[in-house]
Amino acid sequence: MNEFVTPPPLERGSQVAVVAPSSNPTDEFPHVYELGLERLRDVFDLEPVEYPTVSMDQETLANDPEARAKDVMDAFEDPEIDGVITVIGGNDQIKVLEHLDPEILQENPTRLYGYSDNTNLALYLWNLGIVSYYGPTVMVELGMDGHMFDHTVEYTERAFFDESFGEIRPAERFTDEPGDWIDPDSLEEPRETEPNPGWQWAGGDETVEGRLWGGSLEILDQQFVADRYLPDDTELEGTILALETSEELPEPTWVEGVLQALGERGLLERFAGVLVGRPASRSHLEDRPPERRERYREQQRDAITGVFDEYNPDAPIVFDIDFGHTWPTTPIPIGSRVEIDPGTETIRFE
């Protein structure tokens, strides 16, 4: 396994590259995007520098993976840029990876922020031994309706400015209510939240630690099908798996099937532990009543627990962590070492 480096932290006043390596709805919802940039400046005292992909319309961007790769590499290589933050996720970033120059990225390690489809970049950087952060993005977490969640601000400040990420804790409240981006006035009203019952624990009861690997399960599935950019299975021995699902709301049976296939491949037994992000249980395309949302979360937990009971029963599993497609967010560092202690029910990053 590569030696890992956590890129240098940002400082107040640092310049941060804003890039669109996945999709780019900035022209469709400019009010959301501008709010995200404003929060970068006002909440974190950072100076956003917009790169060319941010000005490309969605169709042009989708047909130009080379331009998306170039933005990422140019941002890493620019000595004036201290961090790189993505506009949003998407669903085709895997096409960008063949256009990246690993030497440029490896010689210029820079903190990258993004999740969902940006799992592709995170795992590419993982292969190079570079830690990246699973969130936030400009238009979603920074452009949050009403105000940013205090929990998001606290942990994003760690991801921006601290040498190490430290111990994390559950947020007091959460939401998976989608934003109404069509109506600019909706940005004035905070989304409805509900009490957070906390993490749920399953699997083994021994303390484990290892490097974090993973991200969006839908993107991991793409990676395993393409099988072009994955590390050798042996390099994942003793690592901690991070996984979460998106607003596509995949059926728990699909989650179970993907993990079962990885179990048959002999991969699940290699992970020392598992961190699972709370799943989104509704989307802008499908609303659900509270009882159905809770049932969906329960079914996904049962599906994941059942597969690991069969293929790796000793791995401790922590469910409903605040990363991924619900809010607030904890931008966990992919590639960092993390300790999971079921006895004290704590999670601590190096």
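Author: Buried area is the accessible area, taken with a 1.4 Å probe, that two parts lose on being put together, summed over both. The model here is predicted, so local features need pLDDT of at least 70 and side-chain atom pairs count only at pLDDT 80 or more, whereas totals for chains, interfaces and linings use all residues. Residues are numbered from 1 along each chain as its sequence is written, and side-chain values use heavy atoms, with hydrogens and water left out.

Reader: Into which domains is the chain divided, and what is the area buried between them?

Author: The chain has domain 1 (15-168) and domain 2 (179-349), with bounds that come from an automatic or database domain assignment. Between domain 1 and domain 2 about 4100 Å² is buried, and carbon and sulfur atoms give 66% of that area. Trp126, Tyr134 and Asp145 supply 20% of what domain 1 buries against domain 2, more than any other three residues.

Reader: How many residues of each domain are in contact?

Author: With contact meaning heavy atoms within 4.5 Å, 43 residues of domain 1 touch 51 residues of domain 2.

Reader: How many salt bridges are there between domain 1 and domain 2?

Author: A salt bridge is a side-chain nitrogen of Lys or Arg within 4 Å of a carboxyl oxygen of Asp or Glu, and the count between domain 1 and domain 2 is two. Asp145 also forms a salt bridge with Arg191, where the closest N and O atoms are 2.6 Å apart.
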